[in-house]
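Trainee: I am new to this one. Could you show it to me and let me ask about the labels?

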Amino acid sequence: MPYTSFAVAGAGPTIGGRIVKALISRGASVVVLARPGSGSTSNPLLQGAKVANVNYADVPRVSTVLRDNNVEVLISALSFAALQAQIPLAEAAQAASVKLLVPSEFGMPSEGATDGVLAIKSQFVAYAKSLGIPVLRVYCGMFMEFIPWLTGVELGKFHLLGQQNKPASFTSLDDVSGFVAHALTTFPSSSLHDATYRIEGDRTSPEDIGALYEGRDPPVPAVHVDKLPDGFDKQTFLQAKFAEGRISAGWDNYLDKDVPENAASGTKAWEGHHWKTVKEVLGF
């Protein structure tokens, strides 16, 4: 039978909160695991969900919340800086006999990664599996809504670090959250346990998106730079990955190359759904 009871950690205003909203819209029972002082109770995306204020490191307390709410699936949407908190969450999930764990992926493929944040994600999945908890991974490339942030459009230019002509995967926040909710509430467990779905709303390159901005009225010029503006540390990291082609949902870390035919392999699993394009999301 499909899953009906969920817990979400990291239910902020971007992907986590939207997953909560998508699950609630499908009639699911959702408890939000919120750290004290996180402000989750004021997030309109969480309407209809129960909010439990817990310290993620308090394994007995978290496991009690999961057990008392009959949680079948624990979803993590924690940010890069909070990824280590997934370890005690997994331990609590094991103690509460949670049936499935959805780790914080929702970006570049991490399977087979050997360094940086992707290696941390991959190592966590291995740890969760060692606890006997099945894992579902979802890769989607970059959220379309983050494109202006990535390129510093608010500064009046579309900044491109070097050459940015490699095809990449872009998916809207609502499509990612909608897919996660659709899969978890309709797919059989055999299609979810230790499975990976690669989804892609649109496939294009940063340079091609820059051309769209240049065609706006008034135009936003696309400029190639050797260094992004001061303070753009995360954007610099990500643009370097774009230049290598690693933002494709089809990237294979074992082969160290993009496999384009895999990038949208999971997209067709949501039959009849219209996937938003970059043009639609950015208003071109």
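Mentor: What follows is a short talk about the labels and the values behind them.

Mentor: This is a predicted model, where local features need pLDDT of at least 70, side-chain atom pairs count only at pLDDT 80 or more, and totals for chains, interfaces and linings use all residues. Residues are numbered from 1 along each chain as its sequence is written, and side-chain values use heavy atoms, with hydrogens and water left out.

Trainee: How many helices and strands does the chain have?

Mentor: The chain has 9 helices and 14 strands. Helices (H or I, at least four residues) and strands (E, at least two) are DSSP runs, numbered from the N terminus.

Trainee: Why is Ser97 called exposed?

Mentor: Exposed means over 50% relative accessible area, buried under 20%, and partly exposed in between (1.4 Å probe, protein chains only). Ser97 has 57% relative accessibility, so Ser97 counts as exposed. Ser97 sits in the loop between helix 3 (86-95) and strand 5 (100-102).

Trainee: What makes Phe106 buried?

Mentor: Its relative accessibility is 6%, so Phe106 counts as buried. Phe106 lies in the loop between strand 5 and helix 4 (116-130).

Trainee: What is the phi of Ser97, and what is that of Phe106?

Mentor: For Ser97, phi is near 60 degrees, positive in a residue other than glycine. Phe106 is not a glycine either, and its phi is positive, about 50 degrees. Most residues other than glycine have a negative phi, and most peptide bonds are trans.

Trainee: Which peptide bond is cis?

Mentor: The one from Asp217 to Pro218, with omega near 0 degrees. Pro218 belongs to the loop between helix 7 (206-214) and strand 12 (222-225).

Trainee: What makes helix 6 mostly covered?

Mentor: Of its 14 residues, 12 are buried. Among them are Leu173, Phe179 and His182.

Trainee: How do you know what span to expect for helix 6?

Mentor: The expected span is 1.5 Å times one less than the number of residues. Helix 6 (residues 173-186) reaches 20 Å from its first C-alpha to its last, close to the 20 Å expected.
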